[in-house]
Amino acid sequence: MSVNKETLLNIIECMQKNITENRSYLSDLDRAIGDGDHGINMDRGFQEVMKKMDDMKNQDLAGILRTTGMTLAFKVGGASGPLYGTAFMKASDLLKGKDEIVIEDLPSLLDAGIGGIQMRGKAEQHEKTMLDALIPAKIALEEALAGGSSSDESIKAMLDACEAGAEYTKTIKATKGRASYIGERSIGHMDPGAASSLILLQSIAEVIQ
Ligand code: ADP
Ligand code: MG
């Protein structure tokens, strides 16, 4: 697996397509435990990113992720915009001067993104947020690669762990973000941000596999 500029732009386009397709699903999840706008927020953000496609075609890998992150951070109304925006910007910092991403780079890119989300949102794992999908996904990918699994197997392990993490959010109560206002009543519902994180990682897999 190797991701160059063109592939990275394809990944971002695929993220937009999948987020737009799942707009209602994400807002429905948010309606159960929040204010029902997660699909709208994410869709708006990625539509704004698509407007930057022509600019991004003239940028390098770091510039593409930086533009994506800045756009999400500034154009999305909800909490998720600055959180995902910071994640993309932190991942961008790792790509300075690079013109290719290989599978071995993916755990550290995810790790930087997770670090950005935690820096911004001050949440830990088990608080019913996107982190409950992303952290297990990163760990599973890292372990699969360290254990000698192929690129495809490692990506599958990452997606399986991400999906399990998103499912797990149904079993816990929210202690961060808007869903924390309803406390115990958030149990039984999947966190919308965990669901959107799964869609974003699935989009990466869809393009590179
Ligand atoms: P808002 O909550 O402002 O309406 P969204 O609905 O777009 O924003 O996003 C909600 C999602 O953001 C949640 O499902 C959760 O995954 C994520 N989230 C909220 N607060 C935090 C935080 N402090 N750290 C990590 N993720 C968070
Ligand atoms: Mg919301």
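**Core, ligand sites and selected residues**

The largest nonpolar core holds 58 residues, and Phe46, Ile155, Met158 and Leu201 have the most contacts inside it. Helix α10 (residues 192–208) supplies the largest share of this core, nine residues. A nonpolar core here is a set of buried Ala, Val, Leu, Ile, Met, Phe, Trp, Tyr and Cys residues joined through side-chain atoms within 4.5 Å. Helices (H or I, at least four residues) and strands (E, at least two) are DSSP runs, numbered from the N terminus. Buried stands for under 20% relative accessible area, exposed for over 50%, and partly exposed for what falls in between (1.4 Å probe, protein chains only). In soluble globular proteins, nonpolar side chains tend to be buried together.

A quick word on the model: it is predicted, with local features needing pLDDT of at least 70 and side-chain atom pairs counting only at pLDDT 80 or more, while totals for chains, interfaces and linings use all residues. Residues are numbered from 1 along each chain as its sequence is written, chains are lettered from A and ligands numbered from 1 in the order in which they are written, and side-chain values use heavy atoms, with hydrogens and water left out.

Back in the core, Leu201 is in contact (heavy atoms within 4.5 Å) with Leu110, Leu134, Ala137, Met158, Leu159 and Cys162, leaving aside its neighbours within four places in sequence. Phe46, another of the residues with the most core contacts, is touched by Gln16. Gln16 sits in helix α1 (residues 5–21) and counts as buried because its relative accessible area is 13%. Besides Phe46, Gln16 touches Gln47 and Met50, not counting residues up to four places away in sequence.

What coordinates the magnesium ion (ligand 2)? Asp30, Asp35 and Asp37 do so, each through OD, at 2.0 to 2.2 Å. Along the chain these donors follow the spacing D-x4-D-x1-D. Donors are N, O and S atoms within 2.8 Å of the metal (3.2 Å for Na, K and Ca), and water is not among the atoms, so sites may look incomplete. Asp30 has 8% relative accessibility and so counts as buried, whereas Asp37, with a relative accessible area of 22%, is partly exposed.

Asp37 also turns up at ligand 1: an N or O atom in its side chain is 3.0 Å from an oxygen atom of that ligand. Around ligand 1 there are 19 residues, of which Asn41, Ala79, Ser80, Gly121 and Asp191 come nearest; a residue counts as near if one of its heavy atoms lies within 4 Å. Gly121 has a polar backbone atom 2.9 Å from a nitrogen atom of the ligand, and for Asp191 a polar side-chain atom lies 2.5 Å from a ligand oxygen atom. On its own, ligand 1 has 570 Å² of accessible area, and the protein covers 92% of it. Such areas come from the Shrake-Rupley method with a 1.4 Å probe; for residues, only the protein chains shown count as cover.

Neither is a glycine, yet phi is positive in both: about 75° for His126 and near 65° for Lys128. Are these two buried or partly exposed? His126 is partly exposed, because its relative accessible area is 47%, while Lys128 is buried at 1%. Not counting residues up to four places away in sequence, His126 touches Asp132, Tyr168 and Ile172. With Tyr168 there is a side-chain to side-chain polar contact of 2.7 Å; a polar contact is a pair of N or O atoms within 3.5 Å, where within protein one must be able to donate a hydrogen and the other to accept it, and residues adjacent in sequence count only if both atoms are side-chain atoms.

Helix α8 contains Ala133, which is buried, with a relative accessible area of 0%. Leaving aside neighbours within four places in sequence, Ala133 is in contact with Cys162, Gly165, Ala166, Ala194 and Ser197. Elsewhere, Lys52 is found in the loop between α3 (38–51) and α4 (53–56) and, at 25% relative accessibility, counts as partly exposed. Thr67 and Thr71 are its contacts once neighbours within four places in sequence are left aside. Lys52 and Leu9 are 43 residues apart in sequence and 11 Å apart in space, C-alpha to C-alpha.
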